[in-house]
Amino acid sequence: MADARVPVFRPVRAYLLLAGTWCRALAQYPASLVMMTLATSLGVFAEISAVLIVFGHAGRLEGFSLAEGLLVAGLAATAFGCADMLLGNVENLGEHIRSGTLDVMLVRPVPPLVQLATDRFAPRRLGRIVPGTVIIAVALVLCDIDWTPGRVLMLPVLLVSGTAICSAVWVVGACLQFFVTGAREAANSITYGGQALTEYPLAVFGRDVVRAATFVLPLAFVTWQPALYLLDRPDPTGLPDGLRFATPLVAVVSCLAAAACWRFGLRHYRSTGS
Amino acid sequence: MTSVRESAGSAPPSGAGEGPVIEAVGLGRDFVLSEGPFLRRRRRVVSAVSDVTLTVRPGEIVGYLGPNGAGKSSTMKMLTGILTPTRGHLRVAGLEPSRQRTRLAGRIGVVFGQRTTLWWDLPLRDSLALTRHLYRVPAADHARRLAELTELLELGPFLATPVRQLSLGQRMRGDLTAALLHGPRLLVLDEPTIGLDVVSKSTIREFLLRLNGEEGTTILLTTHDLGDVERLCERVVVIDRGRKAYDGGLDGLRASVPAPRVLVVDLASPVGPVRVEGARCVRVEGPRQWLELSDNPAAVIARVADRHEVADLTLREPDIEGVVAALYRGEAAGNRTP
């Protein structure tokens, strides 16, 4: 009987199933898929070019060299890209509420967040993740990193944490749409706006932004604190150096907060008249 | 599929050995509306559904009727777990819908007439296969049920067609199949025949009757189509302004509203409105006149025939449409809840 199996894996299984279905549907138009993926990659190259130009003119930013800047930008592109691919579609929540398709999702025995995230699942977003990881690899070679076993083990943990924090921000942004119609644009200012914040060494934005991004919306833990950890740098903004070790914890707390927001939103969902 | 067929958990055992499929006591849902300009915004609480008490036993077909905005959809959404009730006790298929929504989804089938539960871009067959995985129906059960439903609902010719290319009638049959593949004990239909032609409507009605008769599936449907009600429902619940206005048989519904019978008289030649005791002329069209009866029809016919030359006459029973309209207007003889 179905209910007797481990329930934790059911959402994951449903996610893979639904995402796989969309991938197969899109694979019927391979040329279109390749073009879209390349177009997505162009966005990353534009961002990286901007980083190269800024560092080319400034030389060093807050003590960060070009290679170190690339590491930050690569971490940002990868974490944001993964979150965007896994959960980016939740930003369509408002449309699903208006058209009533959320009601349909709610009467299927699969968590609605899974259905929302996989609806029109877009494998083209790999076009952001692949160049992102290449840039990380290049930057790691160019940077002078003391590769202790701890750092080797922490690298994937930091990437997963960054992805988790970005995903949590996406979900919290989407939850606003339960209460305010047209909140998508407002949510985008923190999702896409937040991404811009993670692309450069955070200290360049000044103390107040650093504090806000550390203690309010924890975007500092997507690239800034991980970079400080990997490069073994003291924090130039004067926050305790121990903060960087809190990255996985911050990721877990962010996800729990996002899950609580989602449940709260769903309980207060009003549906539309029909 | 034992989970689908297991009996209602905490419901008290009834004579039939199985508890009610739906049990609602004092169910209510409020909406808070904010109106007026910013800063002077006022909050107003509107009750979409108030104090609805309803028990549906296994095997019943219940029509849930009411004018637009009466609270039909809100009730349906509470029953399926989409909306959280503001107050009251509610159990559906032995579960509490808003808290156990995902589990409940495996025990009930839901069809929205206005929107599809299928995947727009997938062929119907793939959409149904995906449903099988999401509901975790064993492959053999799925194949058997799909074959049955394909035959009953004549899905064969369009199983390979993408859902977006299906006609409304085909789509509705596809939606019904998707809702029934996991063998739910309760089928909730929100306006299942809306926009369908006469033949499609009739296919769906006959199918639902057969499903109810052969498998004992409990059916709860909302509809504005009184043909659905007359063909399908032994029991109707009428909701008006969020409150239950009537709950009982279709005949009782007719009796509860003073809807007079109408005598249609074709006279030999056009004359002014006929005036006889026990009847009131409500409409004149050339030689044809409509008389609303307040007396025994035989007596009225005799009186009319005395004064005029009658070519033809018909006696019309109040139709259910008129009865429900009268009920919506609040002309019921009193709320009857057997």
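Let's start with strand 10 of chain B, residues 262-267. In this predicted model, strand 10 of chain B is joined to strand 12 of chain B, residues 288-293, by 5 bridges. The two run antiparallel. Look at B:Val265.

What is its bridge partner in strand 13 of chain B? It is B:Leu313.

Where do these strands sit in the domain picture? The domain assignment of chain B gives domain 1 as 4-254 and domain 2 as 260-317. Between the centres of domain 1 and domain 2 of chain B, taken over C-alpha atoms, there are 44 Å.

Now the other sheets of chain B. One is an open sheet of 3 strands, in the order 2-1-4, with antiparallel pairing. Strand 2, 42-56, and strand 4, 87-92, of chain B are at the edges. Each has a single partner strand, so one side of each has no neighbour in the sheet. On average, neighbouring strands here are turned by 30 degrees against each other, ignoring direction.

Within that sheet, strand 1 of chain B, residues 22-35, pairs with strand 2 of chain B over 11 bridges, in the antiparallel sense. B:Asp30 faces B:Ser47 in strand 2 of chain B, the two standing opposite each other.

Next sheet. Chain B has an open sheet of 6 strands, ordered 5-6-7-3-8-9, and its pairing is mixed. Which strands stand at the edges? Strand 5, 108-112, and strand 9, 243-249, of chain B do. Each of them has a single partner strand, so one side is left without a neighbour in the sheet. From one strand to the next, the twist averages 15 degrees.

One parallel pair in chain B: strand 3, residues 61-65, and strand 7, residues 218-222, joined by 4 bridges. B:Ile61 stands opposite B:Ile219 in strand 7 of chain B.

Helix 6 of chain B, residues 168-180, lies across strand 5 and strand 6 (186-190) of chain B. Helix 6 runs at about 160 degrees to strand 5 of chain B.

Over to chain A, and a helix pair. Helix 2, residues 30-58, and helix 7, residues 126-142, of chain A have axes that come within 7 Å. The axes cross at roughly 40 degrees. Helix 2 and helix 7 of chain A are therefore oblique to each other. Left-handed or right-handed? The crossing of helix 2 and helix 7 of chain A is right-handed.

Who meets whom? From helix 2 of chain A, the contact includes A:Thr37, A:Leu38, A:Gly43, A:Phe45 and A:Ile48. From helix 7 of chain A, it includes A:Leu126, A:Arg128, A:Pro131 and A:Ile135. By type, the residues of this helix 2 and helix 7 contact in chain A divide into 7 nonpolar, 6 polar and 1 charged.

Last, the two chains together. How many residues does each chain give to the contact? Chain A gives 22 and chain B gives 26. On the side of chain A that touches chain B, helix 1 (9-27) and helix 5 (101-106) of chain A each supply at least two residues. That side of chain A is made up of 11 nonpolar, 6 polar and 5 charged residues.

Technical notes. Residues numbered from 1 in each chain as written. Chains lettered and ligands numbered in written order. Predicted model: local features only at pLDDT ≥ 70, side-chain atom pairs only at ≥ 80, totals over all residues. Axes fitted to C-alpha atoms, helices over the stretch in contact; angles between N-to-C directions. Parallel < 35°, antiparallel > 145°, perpendicular 65-115°, else oblique. Left-handed = near helix turned anticlockwise from the far one by under 90°. Contact = placed C-beta atoms within 7 Å. Nonpolar A, V, L, I, M, F, W, Y, C, P; charged D, E, K, R; others polar. Pairing = 2+ DSSP bridges. Domains from an automatic or database assignment.
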